[in-house]
Amino acid sequence: MKRFFDAELESFRSHLLQMGERAIDQTRLAMKALTAADIPAADKVIAADDELDKLEVQIDDEAIRYMTLRGPVASELRLIVVGMKASHDLERVGDEATSIARRSRKLAIEPRLELYADLPRMTNIALEMLRDALDCFVHEDEQKALSVIRRDSEVDNLNRLVYRRLTSFMIEKPDTIARALELMFISKSIERIADHAVNIAEEMVFLSKGQDIRHSDVTKSGPPPEASAPPV
């Protein structure tokens, strides 16, 4: 019976990682749709949005079944709770990728604005953060999770830079306002993807240490102090 429950928990973990890879792939494809004016790529992202929704539901169902059948110990319960929260963040990443794709589709038929350079860079940072946060789910690497959280400022700074450049551009060339606003919304979507990576990383610290670091200054001051060991 123990092997059955171990397999159930491993399946739960595997589906979460699968969901993460799909969210990353969808975001990369959405950015390709933007930078290459690739309408079929945008359509593919939009059509695949339901896949992440279904995976989120499946992960929730697996978590509930495991808790009902097993009566998990504290370490297992933390894994399940963290996984359910992470799947919600990943579903929102998919929503942001779909939003980018929809806006990219509209921009693809308009004259191109040469202000895209920072957006792929932002996306690469945000997706590196997301991949590292998910890797922490496998290895329970507290230090890597903290490094993910600290990188969020890079994306925030780039987002502000994009906004300043686009604002100046709209003032100089009012006929570009509609297109520039679409790029602002895309930049905000990328910034939100980084925020979801931070959320997952914070949950990974909780999984590893049993300590909730949300709304704390721990990421500025170093690793969290040792918490009293939670029951296993």
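Visitor: How do you know how many helices and strands the protein has?
Guide: By DSSP runs, numbered from the N terminus: a helix is H or I over at least four residues, a strand is E over at least two. On that count the protein has 8 helices and 0 strands, and the pattern along the sequence reads α-α-α-α-α-α-α-α. This is a predicted model, where local features need pLDDT of at least 70 and side-chain atom pairs count only at pLDDT 80 or more, while totals for chains, interfaces and linings use all residues. Residues are numbered from 1 along each chain as its sequence is written, and side-chain values use heavy atoms, with hydrogens and water left out.

Visitor: Why is Ala37 called partly exposed?
Guide: Buried means under 20% relative accessible area, exposed means over 50%, and partly exposed is in between (1.4 Å probe, protein chains only). Ala37 has a relative accessible area of 40%, so it is partly exposed. Ala37 sits in the loop between α1 (2-35) and α2 (39-47), and its phi is positive, about 50°, although it is not a glycine. As for the buried class, it takes in 48% of the 232 residues in the protein.

Visitor: What makes a set of residues the largest nonpolar core?
Guide: A nonpolar core is a set of buried Ala, Val, Leu, Ile, Met, Phe, Trp, Tyr and Cys residues joined through side-chain atoms within 4.5 Å. The largest such set here has 65 residues, and Leu119, Leu130, Leu183 and Ile186 have the most contacts inside it. Helices α1, α2, α3, α4 (74-108), α5 (118-139), α6 (142-172) and α7 (177-209) each supply at least two residues of this core, with α7 giving the most, 13 residues.

Visitor: Which residues is Leu130 in contact with, leaving aside its neighbours within four places in sequence?
Guide: Contact means heavy atoms within 4.5 Å. By that test Leu130 touches Ile24, Leu90, Val93, Ala197 and Ile200. Across the protein, 81% of contacts between residues at least 6 apart in sequence join residues at least 24 apart.

Visitor: How many cavities of 30 Å³ or more are there?
Guide: On a 1 Å grid over the protein atoms alone, a cavity is a set of points where a 1.4 Å probe fits but cannot get out, and lining residues have an atom within 4 Å of a point. By this rule there is 1 cavity of 30 Å³ or more. Its lining is Glu8, Leu9, Phe12, Glu62, Ala63, Tyr66 and Ile80, with α1 and α3 (49-70) each supplying at least two residues.

Technical notes: On a 1 Å grid over the protein atoms alone, a cavity is a set of points where a 1.4 Å probe fits but cannot get out, and a pocket is an open set with protein on both sides within 12 Å along at least five of seven lines; lining residues have an atom within 4 Å of a point. Grid points are joined across faces, edges and corners, and a volume is the space filled by probe spheres set on the points.
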